[in-house]
Amino acid sequence: MKTFYIVLLGGLLMATTSFAENIKLPNPTLHGGKPLMDVIRERQSGRAFDTRVPDDQVLSDILFAAYGLSHDGKHTIPTSMNRQNLNVYVVLSKGVFLYRPADHDLVQVSRSDVRSLFANQEYMKTVPVILVYTGSDSENSPLHAGSSYQNVGLYAASAGLNNVVRMPREKEKIAQALDLPAEEFVIVSQAVGYPPRD
Ligand SMILES: Cc1cc2nc3c(=O)[nH]c(=O)nc-3n(C[C@H](O)[C@H](O)[C@H](O)COP(=O)(O)O)c2cc1C
């Protein structure tokens with residue numbers, strides 16, 4: 001009987017492991033990039049994207065800019081009363097992931113390609129990376145999202161990426177696709193990728 005339970009437990013563990021394909025991100029690039037005043041001047045929305053997927057290092061840097069932990073357990077953005085009420089989800093063709101700043105990794109929450117939920121504008125159908133900012137504090141979480149998307153916009157200007165902040169229409173459907181807890185809501189999204197090759 002004991003062997004039966006051990007085999008059952010092993011099977012369950014294997015099933016869980018094979019479902020979730022978490023991504024351990026490499027350490028972010030903590031130095032360099034273009035001078036600050038250059039990227040402030042160069043930041044702009046870009047709405048055309050190459051299908052090339054940014055590699056894990058670029059993804060790491062995007063997420064560190066958005067919401068990484070940079071000092072004393074605090075983030076690259078300020079948060080109201082340090083309550084840190086923000087989450088960043090990453091939508092890729094291979095599924096949906098939740099960014100965990102403390103581990104600097106991505107935990108898979110879905111294997112579905114849900115980019116079509118964001119695709120009321122043509123370029124969103126093929127954009128390789130969509131960040132989705134969520135939170136549960138109606139007053140402050142949207143402000144936190146604004147700080148994050150600005151950081152990502154500045155990083156994009158530094159790294160030669162295009163990005164555009166987008167207010168998705170299908171917020172309820174997206175909340176379902178992200179498997180958000182009841183108290184959490186979708187704030188805004190941000191498409192990121194390389195500009196098209198000439
Ligand atoms: C909260 C917010 C929502 C936005 N929603 C959209 C959108 O749904 N579609 C879009 O193409 N651009 C969207 N934008 C981008 C703005 O149109 C863009 O920032 C503005 O035109 C200024 O251009 P710039 O970012 O190049 O300076 C959004 C920007 C913000 C801050």
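Strands here are DSSP runs of E with at least two residues, helices are runs of H or I with at least four, and both are numbered from the N terminus. You are looking at a predicted model, where local features need pLDDT of at least 70, side-chain atom pairs count only at pLDDT 80 or more, and totals for chains, interfaces and linings use all residues. Residue numbers start from 1 along each chain as its sequence is written.

Next, show residues 23-24 and 105-110, which are strand 1 and strand 6, an antiparallel pair with two bridges; strands pair if DSSP finds at least two bridges between them. Four residues separate strand 5 and strand 6 in a hairpin, and His104 in the turn has a positive phi of about 45°.

Now move to helix 3 (residues 56-67) and helix 4 (residues 141-159), packed at about 140° with axes 7 Å apart. Axes are lines fitted to C-alpha atoms over the stretch in contact, and angles run from 0 to 180 degrees between N-to-C directions. To see the contact, pick residues including Ile62 and Ala65 of helix 3 and Val152 and Tyr155 of helix 4 (C-beta atoms, placed from the backbone, within 7 Å).

Finally, select the ligand. Which residues surround it? They are Gln44, Ser45, Arg47, Gln121, Val164, Val165, Arg166, Met167 and Val188, each with its C-beta atom, placed from the backbone, within 6 Å. Strand 8 (residues 162-166) gives the largest share, three residues.

Methods. Two residues are in contact if their C-beta atoms, placed from the backbone, lie within 7 Å.
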